[in-house]
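Keep the 3D view open as you read.

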Amino acid sequence: MSEVNTDPRLGGWTRFVTARPRLSLLVALVITALAVVAGSGVADRLSNGGWEDPTAESTYATKALEREFPASQPNLLLLVHSGSRSVDDPAVAGEGKRLTDRLAAEKGIVGVGSYWRTASPALRSEDGHEALIAARIEGDETNAFKVLDRIAPEYRGEQGALKVSIGGPVAVRSEMQSTIQEDLLRAELIALPVTLVLLVMVFGSAVAALLPLGLGVVAILGTNAVLRGLTELTEVSVFAQNLTTALGLGLAIDYALFIVRRFREELAEGAEVREAVGTTLRTAGRTVLFSALTVAVSLAAMMVFPQHFLRSFAYAGIAVVLLAAAAALVLLPAALMLLGHRVNALDLRKALRRGRAAKEKKDEEPGAGWARTAALVMRRAPFFAVATATGLILLGLPFLGVKFGTADHRQLPPGADSRVVQEDIQDHFPGSPGGGLEVLAEGVATPAEYADYRDRIAALPGVTRVDGPVPSPSGDHAYFAVTPKGLAVGEDAQRLVKDIRAEPAPFDTSVTGLAGVLVDSKTAIADQLPWALAIIVLVTLLLVFLLTGSVLIPIQAVVLNALSLTAMFGATIWIFQDGHLSGLLGFTATGDIETSLPVLMFCVAFGLSMDYGVFLLSRIKEEYDHSGDHEHAVAYGLRRTGGLITAAAVILAVVMVAIGTSRVANTKMLGLGLALAVLMDAMVVRSLLVPAVMKLTGKATWWAPGPLRRFHERFGLSEGESRRPAEGPAEPPVRDRDTAGV
């Protein structure tokens with residue numbers, strides 16, 4: 001067989017990868033071992049925060065209040081139960097004061113206050129049998145967790161006549177982090193064996209099935225090392241560990257799936273092992289690289305947002321996608337070189353396939369099912385295009401009712417210790433401590449000016465009461481505590497934030513609190529969202545043009561990808577915001593969605609949709625260049641990739657569903673939402689909508705003006721020319737075996 005692509009860069013890469021496969025595997029093994037060491041302890045360095053805009057007014061005010069008034073920003077709450085006696089009972093009060101003094105003496109604890117010290121009605125339950133001790137743990141989140149781990153065993157439980165439970169933001173975040181770690185381990189234990197079964201169904205050969213799975217394990221270990229390195233440079237969200245692990249595992253398996261399949265095709269057509277590896281790298285390997293770039297670009301768009309939560313996903317996601325591609329393009333070819341024809345060994349479906357092969361030989365050509373699907377869709381292209389697009393739009397309609405909020409203790413499963421404490425405080429204490437607004441006043445002012453400003457704030461619609469001002473020791477800072485009517489982050493509270501900020505004052509003011517953080521987060525995302533969308537759309541248009549040389553196909557790709565996400569967004573609102581299926585799925589509906597999550601889900605799902613789109617378009621383009629027959633190329637592309645894309649989507653969906661078994665609601669929403677998006681894209685958009693639209697656009701699909709055509713001829717990318725004869729799209733038997741399990 002002759003070389004079909006003499007690109008010196010790719011030829012050199014093929015020679016590099018195949019020259020010393022044992023050395024390549026040894027180096028990969030050493031790097032993987034180092035990754036295990038480097039990634040150890042990564043979970044303890046991840047953050048539960050990062051949802052807020054670090055440049056926002058609310059963030060500035062929160063940090064200033066933490067510095068000047070530690071007691072105004074407690075992050076640790078001790079809920080003290082007095083049993084049948086009142087918290088005002090002298091004996092109970094004495095125990096409470098001693099407990100307060102003991103906590104105040106702990107290293108790293110500041111701003112300690114309690115009902116027995118302040119007599120504040122906000123720190124006493126309405127029935128008089130519970131009281132609160134509030135304090136602040138100094139330092140960053142990592143230090144706060146260490147302090148909490150140290151003191152919690154000493155304070156939780158029976159304390160003389162009192163019983164103490166621990167809550168507050170630090171306790172909630174700590175429990176959320178430990179829950180996510182446990183859930184991630186369980187997800188991996190679920191995903192890996194199920195994935196192995198699916199791979200055996202796809203390949204038949206146990207050896208071929210183990211290759212993608214082994215690559216997935218390497219990706220998991222590498223992901224932890226990447227996250228560990230990023231924590232040295234920036235704040236990384238704990239949610240990033242779940243999603244990037246799923247991405248690394250899923251994409252590594254997907255990429256390996258395409259490469260192993262192509263390699264087996266080349267062997268079945270009579271190629272020598274080295275030539276088969278070279279052709280695989282020039283064709284499927286190039287497409288894998290191109291696909292990884294499209295996913296990385298979608299994730300990179302999150303870097304335009306100021307929230308560390310989104311930026312950490314961008315940094316980690318890009319690194320993990322490139323890691324999965326590198327493993328597929330370096331480690332896997334070396335393994336294939338050593339295995340050769342033994343890649344088909346340990347065939348677990350030999351007897352079954354013999355019977356099926358005999359039937360197929362008698363009845364029809366292999367892969368005819370996808371060919372019939374393509375023929376049916378293109379015969380009735382207007383119907384399928386309109387019906388599919390309309391159905392996807394209808395599925396997305398619930399997203400029009402989206403309401404944005406902030407993540408809180410209800411993300412944890414019912415019965416979680418810190419959630420029980422927070423709900424007890426919310427239900428039994430007046431004013432819902434921690435749910436109000438704080439107004440920071442900076443600059444010297446007279447008591448009359450403070451009083452006038454307080455009265456004007458109290459007169460605003462939606463205000464229950466205003467406490468303060470509380471002056472700082474230096475005298476140039478003060479703060480007011482504003483209790484809004486209704487929900488702490490409801491529409492009225494958000495409107496009140498804007499009203500307070502618009503109220504003139506003879507000193508500088510900054511407003512914070514849950515509603516203030518939410519208002520600023522929504523503003524930051526709204527301001528940067530057009531830039532993120534522009535980056536995704538423009539770079540996607542460029543990359544797909546470089547792949548196809550067409551002006552119309554990139555536009556189709558962007559529009560159809562966006563349509564494929566409608567079901568995900570509609571289901572997210574219908575289930576997780578409105579609460580349908582909450583009992584079945586085991587979460588508490590909060591009536592809103594965390595502001596950053598739709599952005600994250602869009603960027604990840606759009607990239608994954610492009611992943612499968614690239615594989616389909618590259619085969620269609622390859623066949624069109626070979627035959628010049630547009631309809632045949634579309635049908636052949638679907639026939640060659642339909643089963644494999646479906647298999648890859650099912651495997652990635654299994655990984656995402658495993659992540660979706662998490663007990664933390666946001667992680668559950670990410671996993672299940674992305675699984676739905678992947679399946680809808682592979683089974684509906686790629687199978688029905690793409691061939692229907694390409695049939696309607698006809699040969700105009702491939703049009704490009706002269707200058708762009710010449711640009712593509714010089715700089716464009718493709719899978720390379722097919723080595724098959726032009727007539728007859730018949731596939732070798734191995735190809736059908738690879739997708740028969742789907």
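Start at Arg-419, which sits in helix α15 (residues 417-428); helices here are DSSP runs of H or I with at least four residues, numbered from the N terminus. This is a predicted model, where local features need pLDDT of at least 70 and side-chain atom pairs 80 or more, while totals for chains, interfaces and linings use all residues. Residues are numbered from 1 along each chain as its sequence is written, and side-chain values use heavy atoms, without hydrogens and water.

Is Arg-419 buried or exposed? It counts as buried because its relative accessibility is 5%, and buried means under 20% relative accessible area (1.4 Å probe, protein chains only). Its side chain makes a polar contact with that of Thr-588 at 2.7 Å; the term covers N or O pairs within 3.5 Å, within protein one able to donate a hydrogen and the other to accept it, with sequence neighbours counting only if both atoms are side-chain atoms. Leaving out residues up to four places away in sequence, Arg-419 also touches others, including His-409 and Pro-414, with contact meaning heavy atoms within 4.5 Å.

Now for the nonpolar cores, sets of buried Ala, Val, Leu, Ile, Met, Phe, Trp, Tyr and Cys joined through side-chain atoms within 4.5 Å. The largest has 158 residues, and Leu-600 and Phe-239 are among those with the most contacts inside it. Beyond four places in sequence, Leu-600 touches Leu-243, Met-302, Phe-309, Leu-310, Phe-313 and Leu-670. Another core lies apart from that one, with 36 residues, Ile-425 and Leu-77 among them.

Methods
Helix = DSSP H or I, 4+ residues; strand = E, 2+ residues; numbered from the N terminus. Buried < 20%, exposed > 50% of the residue type's maximum accessible area, 1.4 Å probe, protein only.
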